[in-house]
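Me: Got a structure here that I'd like to go through with you. Can we start with what the words mean?

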Amino acid sequence: MIVLFASCSKNNEELPAPQYFISATPLGEVSKANVDRRLGSNPLVSSLTKYSFKAYRIIYKTKDLDNKEIQASGAVLIPVTSDKLAIASYQHGTIRSDSEAPSNFAENSEAGLLGSLIASIGYVVSMPDYLGYGVSKQIPHPYEHRKSLATASIDMLRAVKEFCRIERVNLNDRLFLTGYSEGGFATMSMQKMMEEEFPTEFKITASVMGAGAYNKTAFSRYVAAQNSNLTFINYYVWVLQTYNNIYKLNRPLSAFFTEPNATNIQQKGVFTDIDLNPQRLFTSNFRNGIINSTDAEFLNVLKDNDVFDWKPQTPMLLVHGRDDDFVIPLNSQTAYDAMRARGASNVELALVDGDHYSAVPNYALQVYSFFFRFNN
């Protein structure tokens, strides 16, 4: 295990003491042929991949929900080459098991597939676990919480930069951001924080957001108004539980859910069997409070997690499957419309074939082509 707190480099040259990076553990080297095999030996993929890469588990300093210092983790993938490399910060989608966290780097995980593809193309890849996974798995994951996702991702990126300086990785000055599903929301949240709070520290080259729930308010109104089964409803319940706890609303589950749903969730967790139809799952008071905008307290929580209506300074591509019924395209469409209305002419929208899952290959190709425009 590599444990580096001091200010020395591989060449015994003095470097500034790291402020975020704590340690790195090698996870092994992955060949280009291995990447191609993982991704199905697709001829198109094989034409894009170029490099083997080394994988490391990174432990770094960040802040918890109470703004106290905590250790978090993630994975960094470094191509084996002397070429100058850009950094791509990749934020993973929703996971339910710590075994899927990037720092565990399971071969068939999102990190092991899409992360490997981006690294083999020729990017240093920074992949945060987020709070609640990896070394911070003892705390509940703050699912779809804008601030903590952004902070954990930014601090991971800072730690990766420090690690690259220690390891003398040959970096250029380009920085790319991307992520899909919860990772799309995390990436949007991350970029907004970087541009608004750390404009001199980070110069983002380009970003691609895939199928994120950026417009929490409109999405919640959509859910509350539906009178049919929604396949994603357990995940929406997870969001409600997260916000109820983080914002200390202190509402009993019976304020959100009808019986026996409230009792089932209380006893068995958010992924138990519940009514999939919002008309039967949620109380009429909760639904009407969202639809009629009378539940000011909860609507303020949703607004605090909206990241669709602002003006990004960085070239941005929003990718969404036309048939996505898990995170509906309204999220990307309203973000695109709001950003363009604010004068963000550098924002583009790509509605691609597929639903939330089958659109992922199209998203990956969009990431490659959009990044390529700015990395040559």
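Reply: Buried means under 20% relative accessible area, and exposed means over 50%. Partly exposed is in between. Keep in mind that this is a predicted model.

Me: OK, take Asp36. Buried or exposed?

Reply: Buried. Its relative accessible area is 10%, and the cut-off is under 20%.

Me: Which residue forms a salt bridge with Asp36?

Reply: Lys32. The closest N and O atoms are 2.9 Å apart. Both residues lie in helix H1, residues 32-38. They are four residues apart, about one turn of the helix.

Me: And how does Lys32 count on accessibility?

Reply: Lys32 counts as partly exposed, because its relative accessibility is 25%.

Me: How many salt bridges turn up in the whole structure?

Reply: The search finds 14. One of them joins the side chains of Asp155 and Arg158, at 2.7 Å from N to O. Those two lie in helix H4, residues 146-166. They sit three residues apart, about one turn of the helix.

Me: What about Arg322 and Asp353?

Reply: Their side chains meet in a salt bridge too, 2.6 Å from N to O. This pair links distant parts of the chain, 31 residues apart. Arg322 is in the loop between S9 and H12. Asp353 is in the loop between S10 and helix H13. Arg322 counts as partly exposed at 48% relative accessibility. Asp353 counts as exposed at 53%.

Me: How do strands S9 and S10 run?

Reply: Parallel. Six bridges join S9 (residues 316-321) to S10 (residues 347-352). For example, Val319 has Ala350 in S10 as its bridge partner.

Me: And what do they make with H12?

Reply: A right-handed β-α-β unit: S9, then helix H12 (residues 330-341), then S10.

Me: Zooming out. How many helices and strands are there?

Reply: The protein chain has 13 helices and ten strands.

Me: What about the overall size?

Reply: The C-alpha trace spans about 65 × 40 × 40 Å along its principal axes. The radius of gyration is 21 Å, which agrees with the value near 21 Å for a compact globule of 376 residues.

Me: How much of the chain is buried?

Reply: 56% of the 376 residues count as buried. The accessible surface comes to about 15,600 Å², and 48% of that belongs to carbon and sulfur atoms.

Definitions and conventions. Residues are numbered from 1 along each chain as its sequence is written. This is a predicted model: local features need pLDDT of at least 70, side-chain atom pairs count only at pLDDT 80 or more; totals for chains, interfaces and linings use all residues. Side-chain values use heavy atoms; hydrogens and water are left out. Two strands pair if DSSP finds at least two bridges between them. A crossover is right-handed if, with the strands pointing away from the viewer, the path from the first strand over the helix to the second runs clockwise. The radius of gyration is taken over C-alpha atoms; the globule rule is 2.2 Å times the number of residues to the power 0.38. Buried means under 20% relative accessible area, exposed over 50%, partly exposed in between (1.4 Å probe, protein chains only). Accessible areas come from the Shrake-Rupley method with a 1.4 Å probe; for residues, only the protein chains shown count as cover. A salt bridge is a side-chain nitrogen of Lys or Arg within 4 Å of a carboxyl oxygen of Asp or Glu.
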